[in-house]
Amino acid sequence: MNSKEIHRFVQRYLEATQCSILEKSPYHFKVKLSPAADRELTNRYYYWSFIDRVNETPETMSFLFVTDDDKYNELIESTPVVDPVAKTFEESSFERAYGLVPKPIARVPREHLHYGSGRLEQLFQSTQDNGSYVCLFQEPNAKALHPYASRPYTVWLGVNYCVEFSSDRKREEIHSLGISLVTGHCVESFQGRLEQIKLSPRIPPNIHIAKNGIAYAKALSIAEQTIERKLKNYDYRWAEDAQTRLIEELARLASYYEPMLEHAEDDERREHVRSLIQKREEEIRWQYEPRITVSVINCGLFHLDGID
C-alpha cells in the first residue's frame, strides 16, 4: 500500500466520519475530529464518560495526518513562513495598555501515516468495526424522475469474502458477490458494480421496494454455494507441494530426535525429548500443512434501481 493509496483511504475515512478538514495537500490532512472519530481514535475514555454523564458539548482533538513525510517536509520548506502572532507596534502598544494577553497557539499532534504505523492500523480497525455492515440506496438519475411515478428498487445482499490459501506460503483472494433478494440471482464482482453508481444512506423520493422472493438466510446460502463451486475448480498442486514439504520436514525432525531418544539415560529424559518432538511437530504442521480459510470481510443491503 503506497502513500497515494493511504492518502485516498484517509480522505474517505475522514469524510465518512464527518471530520472537519481544515487544511490538506496531496501529502497531508489537518483535521478537527468529529465526536465519532474522536471516540474511535483518541482513547480518551475518561473524558468521554465525563461528557456523557454531564451532557456537555465535547471539544474534539485536532491532528496533522501526514501521508508522505518526505514530500510534506519539502512542501513546508518551500512555503514562506508567516508568524501568526507577529503584530505591528501600534497593536502591541494597545495590548500593553489594556493588559491583553495574546491567545497561545494550540499545538496540533503530527502523525505520519505509513503502512504498519499504529495510527493507520487504528484507522483500519475502526473501518472494519464500523463498516462491516451497511444499508444504502442508489441515487436515481434526476432527469429520469417523474413527480407522479414510482420507480421499483431491488434489494441486493452484497458480501465480500476473503479466501486465504495457506501453508508455508500464503495467497489471498477477494470475491465480491451480490445476491438479488427478489430473484435469487447471484453475480460476481458486485463491488465493481457498486463503485459505478452513487449510493446514499437516505431513501430517495418516488421509489418503492420490490417484494423479496427469498429470505436472507437463503441468499447467504447461495453465496456460500457459489464460493464452494469456485474453490472446487481450482488447481491444488500448491497443496500437494506443501504436503510434500511437510513430509520432508517431519522426516528431518525425526532424524534429529531419534538418536536422542535412543541414547536417553532414563525415562524422565526420554519423556522430555518426546515432549520436544510433539511441540516441534505441531509447529511444523501449523506452518506447512495446506489449508483454505474463507471469511467475510463485510456485507450490506443495497437497494438498486430496477428489477433484477
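## Helix α10

A residue counts as buried here when its relative accessible area is under 20%, and as exposed when that area is over 50%. Keep that in mind for what follows, which describes a predicted model.

Going by that cut-off, Val273, Ile277, Ile284 and Tyr288 are the buried ones to look at in α10. They sit on the same side of the helix, because the arc they cover around the axis is only 45°. Turn to the other side of α10 and you find exposed residues: Asp267, Glu268, Lys279, Glu282 and Trp286. Part of the cover over the buried residues comes from α9 (237–262).

As for its length, α10 runs over residues 267–288, 22 residues in all. From first C-alpha to last it reaches 31 Å, close to the expected 32 Å.

## Helix α8

Next up is α8, with 17 residues (216–232). Its end C-alpha atoms are 25 Å apart, which agrees with the 24 Å it should span at 1.5 Å a residue.

Buried in α8 are Ala219, Ile222, Ala223, Thr226, Ile227 and Leu231. What do the buried residues of α8 pack against? Their partners are the strands β6 (151–166), β7 (170–180), β8 (186–188) and β11 (291–305).

## The largest pocket

The largest pocket has a volume of about 1,800 Å³. It's lined by 42 residues, and Phe9, Arg12, Thr127, Gly131 and Asn298 lie nearest its centre. Elements giving two or more residues to that lining include α1 (3–16), α6 (118–130), β6 and β7. The largest share belongs to β11, which supplies eight residues.

Sorted by class, the lining has 19 nonpolar, 14 polar and nine charged residues.

How values were computed: Residues are numbered from 1 along each chain as its sequence is written. This is a predicted model: local features need pLDDT of at least 70, side-chain atom pairs count only at pLDDT 80 or more; totals for chains, interfaces and linings use all residues. Side-chain values use heavy atoms; hydrogens and water are left out. Helices (H or I, at least four residues) and strands (E, at least two) are DSSP runs, numbered from the N terminus. The expected span of a helix is 1.5 Å times one less than its number of residues. Buried means under 20% relative accessible area, exposed over 50%, partly exposed in between (1.4 Å probe, protein chains only). The arc is that of the directions from the helix axis to the C-beta atoms. Contact means heavy atoms within 4.5 Å. On a 1 Å grid over the protein atoms alone, a cavity is a set of points where a 1.4 Å probe fits but cannot get out, and a pocket is an open set with protein on both sides within 12 Å along at least five of seven lines; lining residues have an atom within 4 Å of a point. Grid points are joined across faces, edges and corners, and a volume is the space filled by probe spheres set on the points. Ala, Val, Leu, Ile, Met, Phe, Trp, Tyr, Cys and Pro count as nonpolar, Asp, Glu, Lys and Arg as charged, and the others, Gly among them, as polar.
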